[in-house]
Amino acid sequence: MTYDSIYWLMLGAGFVFTGLVGVLMMWKTEKLLLSFLAGTVVNVLLTAGAVWWWSSVFAGSEQQFSRMFGLFGLGISFVNNEVLLFFAQLIMKKKIGGDPAPDPDA
């Protein structure tokens, strides 16, 4: 497996596992903050591991552009995962714990 395919596999795994943990926690607990923090912890752990791996693969001053380009992509992926997770959970919160049904007598 090439470095590029492992890189994209890590990006995809970060997206899938962050979403799964966050959405499943939201579904079980119906608590936005708790489920968002759980998803964020998973995202931080996976992104930190990917950053460490990518930095060790492209060590040295002659590979600085490749290292920084990959780290920039990981940073963008981290932020995108957090935004998607938050809005997915916010939508779930509105659907799960939304307003009570209107009173037909009113």
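Colleague: At what angle do helix 1 and helix 2 pack, and how far apart are their axes?

Modeller: In this predicted model, helix 1, residues 3-29, packs against helix 2, residues 32-57, at an angle of about 170°. Their axes are 7 Å apart.

Colleague: Why are both an angle and a distance given for two packed helices?

Modeller: Two packed helices are described by the angle between their axes together with the distance between those axes.

Colleague: Why are helix 1 and helix 2 called roughly antiparallel?

Modeller: The cut-off for roughly antiparallel is an angle over 145 degrees. The angle here is about 170°, and helix 1 and helix 2 are therefore roughly antiparallel to each other.

Colleague: What is the handedness of the crossing between helix 1 and helix 2, and which residue classes make up the contact?

Modeller: Helix 1 passes helix 2 in a right-handed crossing. By class, the contact of helix 1 with helix 2 has 18 nonpolar, 7 polar and 1 charged residues.

Colleague: What makes helix 1 and helix 3 roughly parallel?

Modeller: Helix 3 covers residues 64-96, and helix 1 packs with helix 3 at an angle of about 20°, with their axes 10 Å apart. Angles under 35 degrees count as roughly parallel, so helix 1 is roughly parallel to helix 3. Helix 1 passes helix 3 in a right-handed crossing.

Colleague: Which residues does UniProt list as "transmembrane region"?

Modeller: The unreviewed UniProt entry lists residues 6-25, 32-55 and 67-88 under that name. In the model, residues 6-25 are 100% helix and 0% strand, with the end C-alpha atoms 28 Å apart. Residues 67-88 are likewise 100% helix and 0% strand, and the end C-alpha atoms of that span lie 31 Å apart.

Colleague: Why is S35 called buried?

Modeller: S35 is placed in helix 2. A residue counts as buried under 20% relative accessible area; S35 has 0% and is therefore buried.

Colleague: Which backbone oxygen lies 3.1 Å from a polar atom of the side chain of S35?

Modeller: That atom is the backbone oxygen of L32. The backbone oxygen of S35 is itself reached by the side chain of Q89, at 3.3 Å.

Colleague: How do you know that Q89 is buried?

Modeller: Q89 has its place in helix 3. The relative accessibility of Q89 is 0%, so Q89 counts as buried.

Colleague: What makes L11 a buried residue?

Modeller: L11 belongs to helix 1. The relative accessible area of L11 is 13%, and the limit for buried is under 20%, so L11 is buried. The C-alpha atoms of L11 and V23 are separated by 18 Å, and the two residues are 12 apart along the chain.

Colleague: Why are F15 and F17 called partly exposed?

Modeller: F15 is in helix 1, and F17 also lies in helix 1. Partly exposed is the range between the under 20% limit for buried and the over 50% limit for exposed. F15 has a relative accessible area of 47% and is therefore partly exposed. F17, with 43%, is therefore partly exposed as well.

Colleague: What is the phi of E30, and where does E30 lie?

Modeller: Phi of E30 is near 60°, a positive value in a residue other than glycine. Most residues other than glycine have a negative phi. E30 lies in the loop between helix 1 and helix 2.

Colleague: Why is E30 partly exposed rather than exposed?

Modeller: Exposed requires over 50% relative accessible area, and buried requires under 20%. E30 has 38%, and is therefore partly exposed.

Definitions and conventions. Residues numbered from 1 in each chain as written. Predicted model: local features only at pLDDT ≥ 70, side-chain atom pairs only at ≥ 80, totals over all residues. Heavy atoms only, no water. Axes fitted to C-alpha atoms, helices over the stretch in contact; angles between N-to-C directions. Helix = DSSP H or I, 4+ residues; strand = E, 2+ residues; numbered from the N terminus. Parallel < 35°, antiparallel > 145°, perpendicular 65-115°, else oblique. Left-handed = near helix turned anticlockwise from the far one by under 90°. Nonpolar A, V, L, I, M, F, W, Y, C, P; charged D, E, K, R; others polar. UniProt positions renumbered as here; feature names shortened; annotations may be inferred. Buried < 20%, exposed > 50% of the residue type's maximum accessible area, 1.4 Å probe, protein only. Polar contact = N/O pair within 3.5 Å; in protein donor to acceptor, adjacent residues only side chain to side chain.
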